[in-house]
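Hi,

Here is the structure I promised to pass on. Have a look at it first, and then read my notes below.

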Amino acid sequence: MNFKPLFNLSGGGTPSANPHQALAGQTIAVGDLVFVSAAGLVTKATDGSANLLGVAASSVTSASAAEQILVWDDPGNVYLATADAAVVQTDKYNMCDIDADQKVDMSDGTGDSLQVFDLYTNYDSSAATTKVLVTIADSAHVYCSGAQNA
């Protein structure tokens with residue numbers, strides 16, 4: 001699982017997932033970051049994707065037309081993710097992107113789609129230094145950015 005929901009900034013427990021329609025032919029795994037395509041359908045995110053929707057809470061394999069997928073889509077969700085390099089205190093609050101493997105690319109602020117919320121080692125000192133807590137940046141989240149489709 002690339003991205004795992006931990007909590008919502010508004011409070012409460014584990015975030016809930018909502019159904020959305022996947023783009024036909026897509027293969028999306030639980031924990032994949034997803035965005036809304038120009039057709040208004042859920043697609044697996046890539047480096048530089050805009051109009052992010054959230055993180056897949058269910059999977060589809062070679063999605064058929066109109067196939068539903070559950071997505072943790074609340075803009076206030078905080079996700080545990082794996083970074084492509086060690087995360088240090090000075091990375092906190094920085095903007096970043098994902099790489100081709102859907103790891104948090106700590107050196108790429110080109111897409112500015114994610115924001116470092118905190119280092120996971122601040123919660124679990126025995127955790128790997130590549131674990132990081134992120135949120136989807138308001139400017140990149142389809143619900144917040146004002147964009148309707150890519």
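One bit of naming before the details: helices and strands here are DSSP runs, with a strand needing at least two residues, and they are numbered from the N terminus. Keep in mind that this is a predicted model.

I started with His-141, which sits in the segment after β11 (131-136). Its relative accessibility is 1%, so His-141 counts as buried, the cut-off for that being under 20%. The His-141 side chain comes to 3.0 Å from the backbone nitrogen of Tyr-143. Leaving aside residues up to four places away in sequence, His-141 touches Leu-52, Leu-53, Asp-73, Asp-74, Pro-75 and Ile-136.

Strand β10 (residues 114-119) and β11 run antiparallel and are joined by 5 bridges. Both belong to an open, antiparallel sheet of 6 strands, ordered β1-β7-β11-β10-β8-β9. At its edges are β1 (3-8) and β9 (104-105), each pairing on one side only.

Then there is Leu-52, the bridge partner in β5 of Phe-35. Strand β3 (residues 33-36) runs antiparallel to β5, with 3 bridges between them. β5 also pairs with strand β6 (residues 68-72), again in the antiparallel sense, over 2 bridges; here Val-55 has Trp-72 as its partner in β6. How many residues of strand β5 (residues 52-56) are buried? The count is 5 of the 5, so β5 is largely enclosed by the rest of the structure.

Cheers

Terms used. Residues numbered from 1 in each chain as written. Predicted model: local features only at pLDDT ≥ 70, side-chain atom pairs only at ≥ 80, totals over all residues. Heavy atoms only, no water. Helix = DSSP H or I, 4+ residues; strand = E, 2+ residues; numbered from the N terminus. Buried < 20%, exposed > 50% of the residue type's maximum accessible area, 1.4 Å probe, protein only. Polar contact = N/O pair within 3.5 Å; in protein donor to acceptor, adjacent residues only side chain to side chain. Contact = heavy atoms within 4.5 Å. Pairing = 2+ DSSP bridges.
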